[in-house]
Amino acid sequence: MTENPLAQAASLIEQAFTALSDSADPLAALLVLEGVARQVDRAKVAAIAAVERDGVLAEKGYRNTVAGLKDLLGWDHDTARRHVTVAEHVGPRTALDGAPLEPVLPATAAAFEAGAVTMRHVEIIASLMNSRPAARISLADRIAIEASLGEAARTFTPREVRVMGLELLAAADLDGPEPDERPGRNELQMGANADGSGWLRGQFEDPLAFAAIRTAIEARTRPTPENRGTTAAERNAAALAEICGFALDFDDTGEVAGERPRLVVTISLTDLENRARSAMLDTGGQLTPGQLRRLACDAQLIPVLLDERSEPVDIGRASRTISPRLRRAVAARDHGCAHPGCDRPPSWCEVHHVIEWQHGGPTDLRNLVMLCCQHHDQIHSTEWRIDMSSGRPEFIPPPWMTDLWTAP
């Protein structure tokens, strides 16, 4: 019986490492090990590029490759994000018709493929070429600078390459950014798109108002295992969304049309009878079944029931599924997000029904667990399960993930 090729490869690698650890020349062994490590990095990057291109993890319910890699490989967010960034910039690409495409950073990719540069070199060059100064220079200058940095990375350290890159970009971007000629004033503009998404743009002349906003956001954007590797703009957006969600839950003063702010979820009578295939927020955003289930776990909702002509049949009264007293009990047990390794405090978490309420799950301590938004999404969209048989939440990974780790 022929042995699995992957098992054969693993056996040969183990033999090679045994031989290297027994080497009488540690310096020579170190050079070989570094070469092997770079080969492994190249193989991982190629595999990640293939996973992202083929949507393998998306098919298993993950919203992006980073989230899937964290679960599959036990990486923190920073490690997963770094590998995906490298794969996106130097990994193999194909067009929609399957034709091969040049990597985003061709010179850097050539050096990486040759084993002459590390993943850190690639990260630095990708960061430089995605910076604002790089966006302001011509395409020809960007191509020339990337080629120079890809070549320099073969000789110099990542830090030295970063300094060179900054100097090259500064020389090519002599005019610098355009001056902001808008007068300073306090304003916040909002725009909604047809799909329910939207944008914000603001400017604050009042230093005290801006200080309050900045302090609130920065308090929630400190580096954590969950947000390292993201951009400052992404962390700021996530923090603002969390602050607004917190205000919707606990603010007793803010009012909209004479009542406290609440989310209004509109659902058709047919969809309700068919166990809610979809629903729409009053802001116009369409909810997927997974998002609707997550929202129903721990939210104060006003359901609006529509008939087949999309006319309101019934407007329900707002009610809180999880009472404040019960929420405090869940928080006392879980101390915040119960997912292993997550440090989100109770005030920034939602309460999840392990057995969903619409499937007969009771609203009591033995069926409730506290989860942050990210891990709440994970439970609803992937095959992760929570076992409460011991009285405390135990997180069980998807069967396909367990099978991969236990395969010979």
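Arginine 82 is partly exposed, because its relative accessibility is 27% (buried means under 20% relative accessible area, exposed over 50%, and partly exposed in between, with a 1.4 Å probe and protein chains only). The model is predicted: local features need pLDDT of at least 70 and side-chain atom pairs count only at pLDDT 80 or more, while totals for chains, interfaces and linings use all residues. Residues are numbered from 1 along each chain as its sequence is written, and side-chain values use heavy atoms, with hydrogens and water left out.

**Salt bridges**

The structure holds twelve salt bridges, each being a side-chain nitrogen of Lys or Arg within 4 Å of a carboxyl oxygen of Asp or Glu. Three of them are tabulated below.

| Pair | Closest N and O distance |
|---|---|
| Arginine 81 and glutamate 88 | 3.2 Å |
| Arginine 120 and glutamate 123 | 3.5 Å |

Arginine 82 belongs to helix H5 (residues 77-90) and glutamate 123 to helix H7 (residues 119-129), so their bridge ties together parts that are 41 residues apart in sequence. Helices are DSSP runs (H or I, at least four residues), numbered from the N terminus. Arginine 120 and glutamate 123, by contrast, both lie in H7, three residues apart, about one turn of the helix. Shared partners join Asp78, Arg82, Arg120 and Glu123 into one network of salt bridges. Within it, glutamate 123 is buried at a relative accessible area of 11%, whereas arginine 120 is partly exposed at 44%. In the remaining tabulated pair, arginine 81 is partly exposed at 22% relative accessibility, as is glutamate 88 at 32%.

**Helix packing**

Helix H9 (residues 139-152) packs against helix H10 (residues 158-172) at an angle of about 160°, their axes lying 10 Å apart. Axes are lines fitted to C-alpha atoms, for helices over the stretch in contact, and angles run from 0 to 180 degrees between N-to-C directions. H9 is therefore roughly antiparallel to H10 (angles over 145 degrees; under 35 counts as roughly parallel). Contact, meaning heavy atoms within 4.5 Å, involves Asp141, Ile145, Ser148, Leu149 and Ala152 of H9 with residues of H10 including Val161, Met164 and Leu168.

Helix H6 (residues 106-113) also meets H9; their axes come within 7 Å and cross at roughly 20°. H6 and H9 are therefore roughly parallel to each other. Here Pro106, Ala107, Thr108 and Ala111 of H6 touch Glu146, Ala147 and Gly150 of H9.

Key:
Helices (H or I, at least four residues) and strands (E, at least two) are DSSP runs, numbered from the N terminus. Angles under 35 degrees count as roughly parallel, over 145 as roughly antiparallel, 65 to 115 as roughly perpendicular and the rest as oblique.
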